[in-house]
Amino acid sequence: MAAMSEFEFTSPTEQLRAEIAAAAARMIAEDGADYGSAKRKAARQILGNQKARGEIMPDNEQIEEEVRIYNELFFADTQPARLLHLRRVALQLMQDLQHFNPYITGAVWNGTAGEHSNIHLQLFSPSAKDVEIFLLNKNVNFEVGETAHFRTGQAVETLSFLLPQRGADPELAHLALYDEDDLRGSLRVAPGKRADRGDAAALAQLIETTSEEDV
């Protein structure tokens with residue numbers, strides 16, 4: 001059963017949108033599905049063969065809120081500790097990569113990370129090749145892939161690799177490689193919105209805050 005935030009729907013469209021968001025959130029929290037595929041699968045699940053009109057599809061912000069609700073309902077005893085662990089691993093990686101201006105994004109940053117979540121960093125560096133050389137010199141075996149640019153949607157080179165953990169399974173990290181100029185304007189946050197990314201200092205502050213709570 002999917003979670004759904006308490007809301008008084010004013011139209012059938014809003015109700016369908018909420019149902020799709022809740023179903024997508026379950027897939028993300030339970031199976032580690034990405035937002036895009038979870039949204040499409042949830043729409044088919046709720047609508048069947050009916051075509052999903054644009055206004056029916058929830059945005060990522062609505063789905064993210066439903067993931068938070070789902071975690072609170074079904075993973076309250078494990079998710080906070082998992083999130084804290086991933087944030088600590090991510091911070092260490094960001095400190096190792098500090099020369100390349102790393103920013104964290106995704107579930108580990110926004111607080112919805114769970115059992116299946118990976119670490120996503122965005123590096124804003126003059127040279128993607130320098131990042132590759134740095135990793136090779138550290139004997140890191142990485143795979144080269146692509147990620148959609150957060151602003152233009154064009155392909156951005158991404159390096160993915162496993163981070164060994166003492167006494168635990170390795171964690172998967174993805175480094176999306178951006179030009180330095182891509183950072184301009186990307187840190188602005190609209191009133192009432194969460195920042196899409198944060199630097200190492202911001203992540204350290206989150207860790208300190210979380211560590212003061214019972215997890």
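Biologist: What does Glu64 form a salt bridge with?
Modeller: Glu64 pairs with Arg194, with the closest N and O atoms 3.3 Å apart. A salt bridge here is a side-chain nitrogen of Lys or Arg within 4 Å of a carboxyl oxygen of Asp or Glu. Glu64 lies in helix 3 and Arg194 in the loop between strand 5 and strand 6, so the pair ties together parts that are 130 residues apart in sequence. Helices (H or I, at least four residues) and strands (E, at least two) are DSSP runs, numbered from the N terminus.

Biologist: What kind of model is this?
Modeller: A predicted one: local features need pLDDT of at least 70, side-chain atom pairs count only at pLDDT 80 or more, and totals for chains, interfaces and linings use all residues. Residues are numbered from 1 along each chain as its sequence is written, and side-chain values use heavy atoms, leaving out hydrogens and water.

Biologist: OK, is Glu64 buried or exposed?
Modeller: Buried, with a relative accessible area of 14%. Buried means under 20% relative accessible area, exposed over 50%, partly exposed in between (1.4 Å probe, protein chains only).

Biologist: Which residues are linked with Glu64 in a network of salt bridges?
Modeller: Arg68 and Arg194.

Biologist: How many salt bridges does the structure hold?
Modeller: There are 6. One of them joins Glu61 and Lys193, whose closest N and O atoms are 2.8 Å apart.
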